[in-house]
Every structure is written in structure tokens, then in C-alpha cells.
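Hi everyone, thanks for making time. I'd like to walk you through a few local features of one model, so please have the viewer open.

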Amino acid sequence: MPDETAAPDATVARRPRRPWWHLSRTGLLFGAAYFLTSMSPSLLPRTWYYQGLISGLCAVAGYALGVVVAWVVRTVARWIGLRVTVSEQARHVLLVAAPVLGAVAVLGLTVANVRSQARTAAVVGLAPLDPLDWALALVLATVVAVLFLSVARGLRSATHGIAEAAGHVVPQTIATVIAVVVVAIAAAWVTDSVLLHRGMQAFAGIAAQVNSSSPSGRTAPTSPLRSGGPGSLEPYDSLGFQGQMFVTSAPTAAEISSATGKSADEPIRVYAGRTDDRSVADVADAVVRELLRTRAFDRRVLAVITTTGTGWVDDWSVQSIEYLSDGDSAVAAMQYSYLPSAMSIMTDRDTPREAGRALFEKVYAVWRTLPEGSRPRLVVGGESLGSYGGQAAFTDAADMLARAQGGVWVGTPSFTDIAAELTAQRTEGSPEIVPVVDDGLHVRFAANGDQLTHDYYGRDYGAWDFPRFVYAQHPSDPVVWWNPALLGAEPDWLREPRGRDVNPDVTWIPFVTFWQLTTDMAVGHDPPDGYGHRYGAELVPAWGSVLGGSPTDDYSRITAGIEETVNRVE
């Protein structure tokens, strides 16, 4: 009688698991390919730590894709009974030649990518990474890849363990399904509730501390025409860091007069901060009360500016309005958050839209009650997330033209509804970076100040009727072109003619390009004015045209005056 305690026959013994350090050859091949492509150039040169982060993430993604591809091929081969054999001689050649050819390819592509990134830096006026930077990037990429791979291996081990335990109670197939579901839910919970939630809380805490601090060397305004000043309904301390910067950065009437050579008024600036006890609508109401208090509706120009995530307003844009109107202006802005725009774009797109809509609607409600002959020119503007939120005040481009009397939108994200609507309607042949809409009749896209009069190919526009709107957007601005659609689709702006500030070597790579532009947004302000997300003097002719002037007017004295004021208050 056979011994029932004897070891099972070797033919049915379970195949031993591979050691935890085993790596898939196909996965390594795909991982190496993605690692190399991650070093390809994008819109802006990256710092070593962003390069390391991108390379590590891309290497892991490529490795995972390679593992999946290998599994699918093996599974299909078993189903159809396909078996591929290689002779011993061919196998020996492959084992020797493949590493050599791979090393040559890796070295060649690495050198080419390093040189190409240096060209990107030169195009936008920045210094390229040096050899030490690249070495640090490689070390960080390795750490990131090992970390993510270790987590994946841990999840796989947990799945196997749960499947084995459940297999004693239910059939093995069901046990495997249970294990996968349990581990997936647990991993999703830890990622969302622990890592992302706590990470966001920590980040928000730091941002809140910055918001509650005061700018160095600034004190509350002494003018009643500023929020936070004498008679203001908004205490200076309640405005937040960026709000305090805004109300203390206005030029004086004397500074404006010195630049224009004409008499000038003291411009009005009103602002309200977002506190815990206020809704977005409450903050907008507070801004309107400040406008009424300062008699802002009696001014020649009234500008509604939607801020970025931190509550920041670009002084080049605001001071252009103030200088060009000889100080006979009022600018209204409000805070709706204190998180940086890059973070808000990826985590909260609703609040900026709510804020842009609330502020304009409440200002517009008062403005339209005034006699037509005594209304100020109502214009709108915003940069980055502020442009995205500000345009949400209008249902479409026609509504914007009907209710606002002009505006300048700066660095507008391409997924903004009205901007996307106008771009989709562009004249055939005009590129996405500077689309032509109705021959520039009311709306003009400009990659620089010179393109307010002609299109990408140098062809002159027709008449520019009022109201006038300008979309200022640099081809090298990652904030404009970042879009989740980049993960799986090549955008028009990489298929069509490019701007002078984009490296011709930039190509779309699935998954990789999205993450490259994500980190590009973090360094968008590193280049000098005129590149990336840095807009400066080019906003003067843009606002000059919107307020009634010509793009070809001489704005040199006003530009010099604004530059002097901006440098003084920084």
C-alpha cells in the first residue's frame, strides 16, 4: 500500500518561484527604451531632480509595459501551440551581440539627447545641465525606479499570499480573483487616503503659512483707493500674501505722469482675501463693496482680473492698464485659493471657474445698471489658471464679445473652453500656436508683441474692430500646452509649424511627453521674459490695443516706466 505521507511526484510539484531580484528581459528592454526617451528634449530645460524623477517614472512604466507584452505573447503562444527555438550557435551570438549593440545604442541616444536638451536651453536663454547634474539625475532615476519596482513586487507577493490562503477555502481561480481585488482596493486606499491626501494636506499647510505671512518690507497702504488702506472694508491682514503684494505695488500718479508726459490720477486697486468663513461668492461681494467705496465705477477703465491659484496678479498686466489709462482706472481681483496654479490645474479646476464667474457677474450686475454714457470700459484679464477661471464667466466666445469690452488672456491652458473653441475655428493653415480667427476681426492670438498685426506667416490682418481680445501665448509655455490628452495623442502644436522658441528636436512620445510637460510647468518661470511662462513688456502693446490704441504705437516710455515700477516694488 503506498505511503500517503510521501512527497508528491516531481512531475506535479509546483515550479519554484523566481527570486525577488529577478528582472524580466523584455521588461528591461522596454524600460531602457522609455528611460532613454525620457531624456529627450521638451519645451524647457529641466533641472537634474526633475529629469531624475521623469526618467525613473518612465523606466518603471516601460518595464511594466514590457512585462505585460511578454505575458501576452507567452499566453497567446501557449493557446495556439507556437514554440520558437533558437540554435545554440545563434543563441550564443545573440547573448554576445545584444549587450554590445544595446550599449552602443544607449550611449549614442544618451549623447544625442543631452546635446538636444542643451539646444533647448540655448533657445530659451538658459544654461544646460552640466555632467554632475546628469550624474545626479541618473542616481535619482535609479532610486525612483527601484522604489516603484519594490512596491510592485510587494503588492505581487501580497496577492500571492492572499491567494494561497484563500485557496484552502475556495477554488483557486476564485481565490486569485479575491486576492487581486483585495490588494487593488488596499493599494488604492493607501495611495488616495494616505499618500495623496496627507501629501496634499502637508502641501496645503505650507501654502497656508506662506499666505498668512506678510511680504518683506511692505506695510498697509496709506491711500483710501487701495484695499487694506484707510477706510477700507477689507483689513490689510485679511488680504493674504499675494493680496498685500497687489495693493502695495501700484504706481503713483507721479510715476505714471513721468512716463506718459500727461497728468495722471492715482489708480484704484481693490482686493478681497479668501478666509475660512467666506465662500467664493462672499469674497466677490466684498470686492464689489470695495469698488463702490472707492467710486471705481466713475473711472474710465474698470478691469476685472482673475488671479492665479495663490491669488497672484501679474503686475505687468495691471500696470499696463494703469499707465495706458493715465491712472484713470480701477482693477478688481480676489483670492479663491492659496495653492500654486500647477497644483490647482491637476487637482481642482472647479474653484477657479467659480471664482471667475462670481467676480465678473457681480461686477457686471452693477455696471449694467449705470447709464450707458457714464459706464467705464469694462475689460477682463487673467494669467494661467486666472485666464482659465476668468473665461468661465462667459458661456462662449460670442458671450464674451457681448458682455466684456476687451481683454488680455495670458498663458491660457489649451483645455480652456473658449480658447479651445476659438482654436478649433481657426482658419485652415494657421497653426495651433497662433491660430487666426475671422482674420483677427475681434480676437488675436500672439506669440509675441509683433504678432498683433500679422499672422504666423507674416500676412497682415484685416481691420481690428472693438471689442478687442488678445490671447498671449508662447509656443514654449508648458502651462498653455499641458493637457492629459498628451498621454495618448499627438497634439497639433507638435505636428504643425513651431515657434522660434521651440527646439525642432521635440517630438511627441506616448506617456513621456505628458510627464515632461508636467515638470516643465514647475520651471515655467525660469526663462527670461518672452519665453516659457514669462510674459512682460509684450503685454503693453496688447493692452494698448485693447484700450483703443494701435499695436504699432510707440510704447517705449510706458514700458520703461512700468519696468522701473516693477523693479522698485520687487
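Let's begin at Pro467, which sits in the loop between strand S6 (443–446) and strand S7 (469–472). Helices here are DSSP runs of H or I with at least four residues, strands are runs of E with at least two, and both are numbered from the N terminus. The peptide bond leading from Phe466 into Pro467 is cis, and its omega is near 0 degrees.

Before I go on, a word on what we're looking at. This is a predicted model, in which local features need pLDDT of at least 70, side-chain atom pairs count only at pLDDT 80 or more, and totals for chains, interfaces and linings use all residues. Residues are numbered from 1 along each chain as its sequence is written, and side-chain values use heavy atoms, with hydrogens and water left out.

Now, some backbone angles. Asp438 is not a glycine, yet its phi is positive, about 50 degrees. You'll find Asp438 in the loop between helix H14 (417–424) and S6. Is Asp438 buried or exposed? Asp438 is exposed, at a relative accessible area of 58%. For the cut-offs, buried means under 20% relative accessible area, exposed means over 50%, and partly exposed is in between, using a 1.4 Å probe and protein chains only.

Phe511 also has a positive phi, of about 70 degrees, and is not a glycine. Its loop runs between helix H16 (492–495) and helix H17 (512–522), and Phe511 is partly exposed, with a relative accessible area of 24%.

Next, two serines. Ser476 belongs to the loop between S7 and helix H15 (478–481), and is buried with a relative accessible area of 0%. Which residues does Ser476 touch, leaving aside its neighbours within four places in sequence? They are Leu43, Leu44, Val124, Asp501, Val502, Tyr531 and Gly532, where contact means heavy atoms within 4.5 Å.

A polar atom of the Ser337 side chain lies 3.4 Å from the backbone oxygen of Gly309.

Let me finish with helix H9 (residues 315–324). H9 is mostly covered, with 10 of its 10 residues buried. At its start, a side-chain oxygen of Asp314 comes to within 3.1 Å of the backbone nitrogen of Trp316. After H9 comes Asp326, whose phi is positive, near 55 degrees.

How do H9 and helix H18 (residues 539–546) cross? Their axes, which are lines fitted to C-alpha atoms over the stretch in contact, come within 9 Å and cross at roughly 50 degrees. That makes H9 oblique to H18; under 35 degrees counts as roughly parallel, over 145 as roughly antiparallel, 65 to 115 as roughly perpendicular, and the rest as oblique. The contact is made by Trp316, Ser317, Ser320, Ile321 and Leu324 on H9, and by Leu539, Val540, Trp543 and Gly544 on H18. Sorted by class, that contact has 6 nonpolar, 3 polar and no charged residues, with Gly counted among the polar ones.

Conventions
Polar contact = N/O pair within 3.5 Å; in protein donor to acceptor, adjacent residues only side chain to side chain. Axes fitted to C-alpha atoms, helices over the stretch in contact; angles between N-to-C directions.
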